[in-house]
Amino acid sequence: MIALAGLVLASGVLIRGYQNFKPPPPTVCGTPNGPPVTSPRVKLDDGRHLAYKEIGVPKEVAAYKVILVHGIDSSKDLYLPLPQEMLEELGIYVLTFDRAGYGESDPNPKRSLKSDTFDIQELADKLDIGPKFYLIGISIGSYTTWGCLRYLPHRLAGVALVVPLTNFWWPSFPPKLAADAFCKSSAKSQRRLQIAHHLPSLLHWWMNQKMELDPSVFSRRDIGTLKSMAQVSIPNKDKVRQQGLYESIFRDMKIGFGKWEFDPMELSNPFPNGGNTSVHLWQGGEDNLVPRELQRYLANKLPWINYHEVPDGGHLIIHEGVLCEAIFRTLLLGEKPSL
């Protein structure tokens, strides 16, 4: 009887443990128990939907067509301080979209770096963007930008990587450089990234225990930017995670810091013939999330990347009016930024 009771108790512990490790099912938009669909969406060939937003001039008359990829815990409605007058003057069309599992875009149970990359191509084709487009990737969302440089260079008119993710386990990083940069992050961040890379099946359980935000990740300049953003009404902020943390933030971490199928530092110049096409990387000198040492090394390994470091900039430079406009003007017009 004691042995049987012990077995029952052990079984209960295992069941509760399994329930803690196993992510809950997503609350998919448009389903009977899910949030409503309020944004325009396109239906992909595999049946999933991507929600999108268009700003600037109509794409039919645009001189420049830009697809912008949001970062972690964000969406198509991210704060983008671009004056409408500038968009109209230069003829800029900007397409933002909710990446899979974010906002009102359907989750993708098979989501990967490659699938997210080809979501961009299919979105462009469904909306008749044309054979080429400019691409801007922000923070962890830049893994799809690297994916486009690897798999879809023929579709790109130019690229900007803004405070892009660096994966400490990319093979081309010298081990000591990567280790030193890794050790500069907080102990909590280190454990989180190690689990995402080495034990991704445990990430849901770990993040549910440790999901508090470390305020030290924001630089002095970031804090000022956050205060400015707090004065602006940003729509649909409550919808970013509405389909589940696992399908949005946790999958981002598993992909971004997981094992990649290619090393960005082994990519060839996507625009060997030059012309007006170019690749730009923007980094904040005081970014506490993305180590500038790794970005500098990467840019040195890939001399076809135009590297721009904002000396006292943090991780939120895309949300600063002057810098946001500079990022667009440098990419589209080839202007030399004043930093």
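**Figure 1. Cysteines of the predicted model.** Cys183 is exposed in this predicted model, at 56% relative accessibility. Here exposed means over 50% relative accessible area, buried means under 20%, and partly exposed lies in between, with a 1.4 Å probe and protein chains only. Cys148 is buried, with a relative accessible area of 0%. The whole structure holds 0 disulfides, a disulfide being a pair of cysteine sulfur atoms within 2.5 Å. Cys148 is accordingly in no disulfide, and the nearest cysteine sulfur, that of Cys324, is 20 Å away. Residues are numbered from 1 along each chain as its sequence is written, and side-chain values use heavy atoms, with hydrogens and water left out. As the model is predicted, local features need pLDDT of at least 70 and side-chain atom pairs count only at pLDDT 80 or more, while totals for chains, interfaces and linings use all residues.

Figure 2. The protein averages a pLDDT of 91, and 91% of the residues score at least 70. The pLDDT is the predictor's confidence in each residue, from 0 to 100. A contact means heavy atoms within 4.5 Å. Where pLDDT is low, the predicted coordinates should not be read in detail.

**Figure 3. Strand S3 and its two partners.** Strand S3 covers residues 64-69; 5 of its 6 residues are buried, so the rest of the structure largely encloses it. Strands (E, at least two residues) and helices (H or I, at least four) are DSSP runs, numbered from the N terminus. S3 runs parallel to strand S4 (residues 92-97), joined by 5 bridges. Strands pair if DSSP finds at least two bridges between them. Ile67 has Leu95 of S4 as its bridge partner. From S3 the chain passes through helix H2 (residues 84-90) to S4 in a right-handed β-α-β crossover. Right-handed means that, with the strands pointing away from the viewer, the path from the first strand over the helix to the second runs clockwise. S3 also pairs in the parallel sense with strand S5 (residues 133-138), over 4 bridges. There, Val69 stands opposite Gly137 of S5.

Figure 4. Ser139 has a positive phi, near 50°, and is not a glycine. Ser139 sits in the loop between S5 and helix H4 (142-151). Ser139 is buried, at 13% relative accessibility. Asn236, also not a glycine, has a positive phi of about 65°. The loop between H8 and helix H9 (246-256) holds Asn236. At 26% relative accessibility, Asn236 is partly exposed.

Figure 5. In H8 (residues 220-229), the buried residues are Asp222, Thr225 and Met229. Seen down the axis, they fall within an arc of 60°, so they line one face of H8. The arc is that of the directions from the helix axis to the C-beta atoms. Arg220 and Lys227 are exposed on the face turned away from the buried side. Ser219 lies in the loop between helix H7 (203-209) and H8. Ser219 is buried, at 4% relative accessibility. Leaving out residues up to four places away in sequence, Ser219 touches Glu286, Asn288 and Gly314.

**Figure 6. The surroundings of Trp304.** Trp304 lies in the loop between helix H10 (292-301) and strand S8 (305-310). Its relative accessible area is 17%, so Trp304 is buried. Residues up to four places away in sequence aside, Trp304 touches Leu267, Ser268, Asn269, Pro270 and Val279. The C-alpha atoms of Trp304 and Asn269 are separated by 6.1 Å, although the two residues are 35 residues apart along the chain.
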